[in-house]
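Q: I would like a close look at one part of this chain. Please keep it brisk and give the cut-offs as you go.

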Amino acid sequence: MDKKIEKIKKEIKCFHIKTYDDLETFRIKFLGKKKGIITILFKELSKIHIHKRKIFGKIINELKKETQNKINIFHYKYKNDDHKNDKDAKFDPTIPGKSVEIGSRHPLSILNNRIIDLFMKIGFTYVDGPEIEDDWHNFTALNIPIFHPSRDMQDTFFLCKNPDILLRTHTSSVQIRYMKKHKPPFRILSIGKVYRNETISSRSNFMFHQAEGFYIDKKVSFSNLKQTIHYLITSLFGKAKIRFRPSYFPFTEPSAEVDIYCNNEWIEIMGCGMVDPQVFKNVNIDAEIYSGFAFGLGIERLALIIYKMKDIRIYFDNDIRFLKQFKSEF
Ligand code: DAH
């Protein structure tokens, strides 16, 4: 009997299980209900003299354990279905897992989100507009007729095949899109990319971001505009010196530019003014009843001041060492 057990032990040990088919053969050979080697041994146990039965019972149980262990090990290694037919794949639980890298938001996105948050708090609604515009929304409806000199200032990217289509030069086109579809009152904010044919330098790029805001209602005044800009600037900078400088935009009357005092110089950050009655006319809003203010803010300019940078190109270099320094709840 001892020899027989030894032989079975060896057979269990040496059986190569590489596939699920092997496993099944192994299981049937040793533990099969009718003809399994170990199953038969258990059946024979009753025929053995009572004194030896205990010892052999123990030995056979041990064999069964070893068989079961081998089955369990195979299952553990080939847990995933993918490995069913994959003879070489081995799962090694000791290899350290791959950690997930958590990125950070782009500094311009952080600033955009901060601005959106600030305007939501004073009742503005956020809307998006298309970057690919037509001439009417980008220029004509904003009171910039075809030969107006301010078109030159925004020298831009037109589609050669269709000169009516261009990459928007400012987010003011969103004003037109929104006002055409909605009746006042409304308070709207929109942020997005704009494109101009500019020489790339530390302060300018062919693409940059603007935040456009406009508030149209009965009796909206220039002091409402000033108050709103003050709210934005003090929320972003705490105390800061700003000035409203008279300026000209075809779509506002009066118009102003806002400068912020920083490092002994005035830096222009936005254009603004009261929406020109001609613009209201172009979008079928009665200028006798409604008035409103609008502003367009340069995000990169503001970001240079906030993050104390000197060159806007740093925002587009995609240098991970720069970008990963920005952490924010926005
Ligand atoms: N669209 C102007 C620009 O890009 C900025 C601007 C000025 C926007 C006055 C406005 C505004 O909404 O009222 O230069």
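A: Phe 326 counts as buried, at 11% relative accessibility. Buried means under 20% relative accessible area, exposed over 50%, and partly exposed in between, with a 1.4 Å probe and protein chains only.

First, the ground rules. This is a predicted model, in which local features need pLDDT of at least 70, side-chain atom pairs count only at pLDDT 80 or more, and totals for chains, interfaces and linings use all residues. Residues are numbered from 1 along each chain as its sequence is written, and side-chain values use heavy atoms, with hydrogens and water left out.

Now the ring contact. Tyr 307 and Phe 326 form an edge-to-face aromatic pair, 4.8 Å centre to centre with 75 degrees between the planes. Rings of Phe, Tyr and Trp (its six-membered ring) pair if their centres lie within 6.5 Å; planes under 30 degrees apart count as stacked, over 60 as edge-to-face and the rest as tilted. The pair links distant parts of the chain, 19 residues apart. Tyr 307 sits in the loop between helix H11 (299–306) and helix H12 (320–323). Phe 326 lies in the segment after H12. Helices (H or I, at least four residues) and strands (E, at least two) are DSSP runs, numbered from the N terminus.

Next, H11 itself. Seven of its eight residues are buried, so H11 is largely enclosed by the rest of the structure. The buried residues of H11 are Ile 299, Glu 300, Leu 302, Ala 303, Leu 304, Ile 305 and Ile 306. Glu 300 is on that list too. Lys 308 follows H11 and has a positive phi, near 55 degrees.

Other aromatic rings give some context. The chain has 17 aromatic pairs by the rule above. One of them joins Tyr 261 and Trp 266, and this pair is tilted: 4.9 Å centre to centre, 55 degrees between the planes. Tyr 261 is partly exposed, at 34% relative accessible area. Trp 266 is also partly exposed, at 30%. Elsewhere, Phe 119, Phe 124, Tyr 215, Phe 293 and Phe 295 form one aromatic cluster.

Finally, the whole chain. Its secondary structure comes to 12 helices and nine strands. Buried residues make up 42% of the 330 residues. Along its principal axes, the C-alpha trace spans about 115 × 45 × 40 Å.
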